Amino acid sequence: MEELRLSPLELMIDLSVYLYDKEKLSIGQAKKLAGLTQIEFQKEMSKRGVFIKYDIKDLEKDLDVFNR
């Protein structure tokens, strides 16, 4: 059996991305768990084929803030 070669950081990033993708954590919570900046976390998400979750409700909230 091959040895799994993941550093503790890689394991935390994988876990954080997984939990974000499964909508168990917000992006802010996930990046904090991974110990990364927003951009670093988004790059790690991209490497794993995970996209930012942003739907119509999020857009409506953002537009409401801009229109105040």
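Me: Contact means heavy atoms within 4.5 Å; which residues does M45 touch on that rule, leaving aside its neighbours within four places in sequence?

Reply: M45 is in contact with V17, Y20, I27, V50, F51 and I52. Do keep in mind that this is a predicted model, where local features need pLDDT of at least 70, side-chain atom pairs count only at pLDDT 80 or more, and totals for chains, interfaces and linings use all residues. Residues are numbered from 1 along each chain as its sequence is written, and side-chain values use heavy atoms, with hydrogens and water left out.

Me: What makes the group around I13, V17 and Y20 a nonpolar core?

Reply: The term is for buried Ala, Val, Leu, Ile, Met, Phe, Trp, Tyr and Cys residues joined through side-chain atoms within 4.5 Å. The largest such core here has 10 residues: I13, V17, Y20, I27, A30, A34, L36, F41, M45 and V50. Helix 1 (8–21), helix 2 (27–34) and helix 3 each give at least two residues to this core. Helices here are DSSP runs (H or I, at least four residues), numbered from the N terminus.

Me: Is E44 buried or exposed, and how do you know?

Reply: Buried means under 20% relative accessible area, exposed means over 50%, and partly exposed lies in between (1.4 Å probe, protein chains only). E44 has 15% relative accessibility, so it counts as buried. This residue of helix 3 touches I13 and L36, not counting residues up to four places away in sequence.

Me: What makes the pairing of E44 and K47 a polar contact?

Reply: A polar contact is a pair of N or O atoms within 3.5 Å; within protein, one must be able to donate a hydrogen and the other to accept it, and residues adjacent in sequence count only if both atoms are side-chain atoms. The side chains of E44 and K47 are joined at 3.1 Å, so the distance is inside that limit.

Me: Why is the pair D14 and R48 called a salt bridge?

Reply: A salt bridge needs a side-chain nitrogen of Lys or Arg within 4 Å of a carboxyl oxygen of Asp or Glu. For D14 and R48 the N to O distance is 2.7 Å, so the pair qualifies. It links distant parts of the chain, with D14 in helix 1 and R48 in the loop between helix 3 and helix 4, 34 residues apart. D14, E44, K47 and R48 are linked in a network of salt bridges.

Me: How many salt bridges are found in the whole structure?

Reply: The search finds five. One of them joins K53 and D21, with the closest N and O atoms 3.1 Å apart. K53 is in the loop between helix 3 and helix 4, and D21 is in helix 1, 32 residues away. K53, at 31% relative accessibility, counts as partly exposed, and D21, at 30%, does too.

Me: How do you know whether D64 and R68 make a salt bridge?

Reply: Their closest N and O atoms are 3.2 Å apart, and they do form one. D64 has a relative accessible area of 41%, so it is partly exposed, whereas R68 is exposed at 75%.

Note on methods:
Contact means heavy atoms within 4.5 Å.
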